[in-house]
Structure formats: structure tokens, C-alpha cells
Amino acid sequence: MYERIDPAKKTGPLGIYVHVPYCIRKCRYCDFVSFEKAPEDEYFRRIAQDIEKGANAAAGLLGTAGRKPSADTVFFGGGTPSLASKEQLGTVLDAIRNAFELSPDAEMTIEMNPETVTAGKASELKALGFSRVSMGVQSLDDKVLKAMGRIHGADRARKAYAALREAGFDNINLDLIFGAPEQELKSWKDTLDEVISMRPEHISFYSLQLEEGTPLYKDYTSGRADLPPWELNREMYRYALGTLKAAGYHHYEISNAALPGFECRHNLKYWSMQPYLGFGTSAHSFIEGRRGEADYCKGSTLGLKEETEEELKGDFIFTGLRLTRGLYAADWKSMFGSDIFEELREPLEELIGKGLLSAEEGSCGTHPGKVIRFTPEGLDRTNPVMEELIGALGGSK
Ligand code: SF4
């Protein structure tokens with residue numbers, strides 16, 4: 001099980017994120033930073049250099065100069081990191097192992113597209129030290145995959161999963177998307193039921209976001225593509241919650257569920273304000289109250305900037321409420337020294353009154369106290385609720 005936020009642990013082991021911005025072909029809905037080209041050696045060499053600089057900067061901030069900062073999660077995301085060669089990945093992994101004190105049981109994740117997975121690739125990744133794989137299956141319906149512009153078909157995803165198991169991976173996440181073009185309720189149910197029967201340790205289920213500027217956005221706004229209506233989208237989400245729970249998966253974050261003990265340790269750092277460093281173009285970092293985005297055009301490695309207290313409070317709400325275990329008033333108090341129920345009295349009363357949030361007495365370890373979390377109704381309106389709370393922060397000082 002994951003732990004509650006413990007502000008005293010904000011200098012605990014770091015998470016390391018590496019962005020690999022290459023894809024075989026852009027999916028029609030995607031606005032992630034990724035380019036349709038083959039991974040370039042130079043990019044990985046540059047990251048290796050940045051890792052050394054970033055580790056030194058982190059040691060300075062943490063007050064541990066002269067000692068390597070410790071890290072216990074590594075996450076290669078993209079893009080399609082599995083497109084990179086073993087040498088390219090190895091260059092970065094060596095740099096991480098040299099610059100950080102990596103714990104022996106570190107969670108080491110790599111994202112992959114089913115199209116790039118072969119038995120050989122899976123064994124190669126295992127040999128490099130990856131312990132967890134996150135694969136973008138998205139759907140097991142070829143019609144839906146085609147409408148999203150995915151390069152793989154459903155059978156390819158099934159075979160890739162088998163190859164990963166064969167190579168010995170025992171911690172696998174499968175990413176799914178609902179609310180996609182051409183997707184009917186039955187298609188979503190069939191995909192989810194089959195994926196559950198495959199028993200991956202972790203399942204992510206995201207509602208498709210229509211992002212401005214993408215081919216899908218253009219088709220949708222010009223009437224050439226359609227998306228399931230909102231009510232159907234919510235029915236798909238609720239089906240996922242009920243089915244995953246019945247199958248023994250723990251719904252621990254708005255869009256993530258895991259078999260007990262397999263919650264993603266790296267992503268939990270994002271959602272509980274624990275420190276992490278991101279390397280590669282557009283990668284984000286958060287450490288000692290500073291947040292940053294690497295900007296490779298300007299040559300900045302971490303791009304850290306100190307956050308204002310208001311920004312930190314906004315982050316706390318935005319990340320903490322994503323977790324189903326909720327946001328602990330005691331944590332707010334230890335981080336900011338104030339009472340969240342005083343500071344955000346009006347919006348909290350309103351949102352609780354509307355049945356979108358609950359505030360109940362909870363206890364976690366030695367820190368009993370009130371916990372604020374989404375109600376089932378609130379889970380359908382997470383963005384407006386968070387926006388309302390964060391928007392009220394400006395007037396709360
Ligand atoms: S594989 Fe992932 S990162 Fe690449 S284009 Fe598709 S959705 Fe975007």
C-alpha cells in the first residue's frame with residue numbers, strides 16, 4: 001500500500017523521469033512532446049550529461065553536497081521509449097546509476113508501444129534492469145484503434161503482452177482509453193473485461209482528451225469525427241470502476257487501479273508532492289519547493305523556479321485530490337501552517353453541500369484527522385471542482 005503524504009519526507013529518495021520524444025507515427029489525438037523520427041544517439045548522450053549536472057544541483061538543494069542523492073524510482077516515458085536501442089537506453093541508465101544512489105529495489109519503468117515489442121526486445125529491457133513495463137494498449141477493438149490513429153492492432157497488443165510475461169516481467173501496466181471515436185459501450189466493456197482477464201498488475205483508464213491542434217480535434221470540430229456523448233463517457237468510467245473493484249483492483253487514483261501492492265511508486269511521487277527530477281525535452285522536476293521544465297532549446301537542464309506558497313497550495317490540491325485516499329487536513333497544516341477548512345471555507349462548504357466532495361474523519365498511521373475526497377458524483381466533475389478550490393486560493397490570503 002502507498003503511504004500518506006508525509007511532509008517530513010519531502011527530501012526522501014527522488015524519482016527520476018526521462019523523456020524519450022520519438023514515435024513511429026503520431027496518433028491522431030496526441031499532443032505529447034514527440035516527433036516522428038528515429039531516436040538519435042546525441043539526444044541520449046545529452047541526457048546522460050544533464051543527469052550528472054542535475055544530480056549535483058539536487059545534492060546542493062538537499063544539502064547533501066559531496067554525497068550522491070538517493071533515488072528509488074526511474075521512469076522512461078514518451079513518446080515511445082521502447083523505440084530506443086539498448087545502447088541508447090544503457091547510456092542513460094549508466095548515467096543514472098553513476099550519479100544517484102539507486103536503491104536495489106528501485107521501481108524501473110519503461111513505457112512502450114505494442115508495435116515495438118518483440119521477444120528479443122522484452123528480454124533486452126529486462127537485462128537492462130527495467131522491472132516494470134507500461135504498455136499503451138488503449139483498446140482491443142481494431143476499429144477504435146484505427147480511429148485513434150494507433151499503429152498497432154489488438155492482436156499485436158495481445159502478443160506483446162505474452163512476450164513481456166515470457167521475458168519475466170511481473171509488474172505490467174496496460175494503458176486504456178475510453179470515450180474514443182468509434183467506441184461504443186460494448187466495445188469498451190469487451191476491452192476492459194479482456195484486459196482484466198489478462199491480469200496485468202496495473203491498469204490505467206483515461207478518458208480521451210480532445211487536444212487543440214491535433215488531427216482528431218480538427219476532424220471533430222469540422223464534423224468529420226464524433227466522440228461518445230458525455231453521459232456515455234461517464235457510463236464507461238463507472239463501468240470501469242465497478243468492474244475493476246469486483247476483480248480485486250484497488251482504484252487508488254482517478255484514472256488508475258492496481259492489484260494490492262502494485263500502485264505505481266513513481267507516479268505516487270507526483271501525486272503526493274514527493275521530489276522528482278525530469279530529464280529530456282519538456283520533462284518536469286519538483287524538488288524543495290521548486291518546480292521546473294527542461295527547455296532544450298534554451299539549454300536548461302532542470303529549469304527550476306521557486307514556487308510561491310499559493311502555487312504550492314494549488315499543487316497540493318491538484319495532486320492530492322487525484323488520490324482516492326484523499327487530502328489530509330493534517331498534511332496541509334504541517335506544510336502550510338494553516339487550517340484548510342478555514343482557508344477554503346466557502347468553496348469547501350459549497351462543494352461538500354453539493355455532494356461533490358466529502359470531509360470525513362479518517363486516520364492514517366499516527367495522523368488522524370479530517371480527509372477531503374471526491375464523492376462518486378464528484379469523480380465525474382474532477383476538473384471543475386479542483387479549479388474552483390484552486391481559484392479560491394488567491395482570495396484566501
Ligand atoms: S505512441 Fe503515445 S506519445 Fe506517441 S504519438 Fe501515440 S499517444 Fe503520442
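Visitor: Which residues have the most contacts inside the largest nonpolar core?
Guide: I16, V92, I96, L176 and F178; that core has 84 residues. A nonpolar core here is a set of buried Ala, Val, Leu, Ile, Met, Phe, Trp, Tyr and Cys residues joined through C-beta atoms within 7 Å. Buried means 20 or more other C-beta atoms within 10 Å of the residue's own, exposed means 12 or fewer, and partly exposed is in between, with C-beta atoms placed from the backbone.

Visitor: What sort of model is this, and how are residues numbered?
Guide: It's a predicted model: local features need pLDDT of at least 70, side-chain atom pairs count only at pLDDT 80 or more, and totals for chains, interfaces and linings use all residues. Numbering starts from 1 along each chain as its sequence is written.

Visitor: Tell me about α1. How far does it reach?
Guide: Its 22 residues span 32 Å from first C-alpha to last, close to the 32 Å expected at 1.5 Å a residue. The expected span is 1.5 Å times one less than the number of residues.

Visitor: Which of its residues are buried, and what covers them?
Guide: The buried ones are Y43, F44, I47, A48, D50, I51, G54, A55 and A58. Their cover includes β1 (14-20), α2 (86-99), β9 (276-279) and β10 (284-287). Just after the helix, G63 takes a positive phi of about 75°.

Visitor: New topic: what's around the ligand?
Guide: C23, K26, C27, C30, F32, S34, G78, G79, T80, N113 and G136. A residue is near a molecule or strand if its C-beta atom, placed from the backbone, lies within 6 Å of it.

Visitor: How does that shell divide by residue type?
Guide: Four nonpolar, six polar and one charged. Ala, Val, Leu, Ile, Met, Phe, Trp, Tyr, Cys and Pro count as nonpolar, Asp, Glu, Lys and Arg as charged, and the others, Gly among them, as polar.

Visitor: What's the peptide bond from G78 to G79 like?
Guide: It's cis, with omega near 15°. G79 lies in the loop between β2 (70-78) and α2. For context, most peptide bonds are trans, and most residues other than glycine have a negative phi.

Visitor: Is β2 enclosed or open, and why?
Guide: Largely enclosed by the rest of the structure, because eight of its nine residues are buried. β1 and β2 pair in the parallel sense over seven bridges, and pairing requires DSSP to find at least two bridges between the strands. Within that pair, Y17 is bridged to F75 in β2.

Visitor: What's the phi of R199, and where does R199 sit?
Guide: Its phi is positive, about 55°, although R199 is not a glycine. R199 is in the loop between α6 (185-198) and β6 (202-207). It counts as partly exposed because it has 13 C-beta neighbours inside 10 Å.

Visitor: And S282, what about its phi and its place?
Guide: S282 isn't a glycine either, and its phi is positive, near 65°. The residue is in the loop between β9 and β10. S282 has 16 C-beta neighbours inside 10 Å, so it counts as partly exposed.

Visitor: What does β10 do next, then?
Guide: β10 runs antiparallel to β11 (residues 290-293), joined by four bridges, with H284 opposite E293. The two strands form a hairpin with two residues between them, and E288 in the turn has a positive phi of about 50°.

Visitor: Last one: what order do the strands take in the three-stranded sheet?
Guide: β13-β15-β14, in an open sheet with antiparallel pairing. The edge strands, β13 (327-328) and β14 (357-362), each pair on one side only. L327 has I372 in β15 as its bridge partner.

Note on methods. Contact = placed C-beta atoms within 7 Å.
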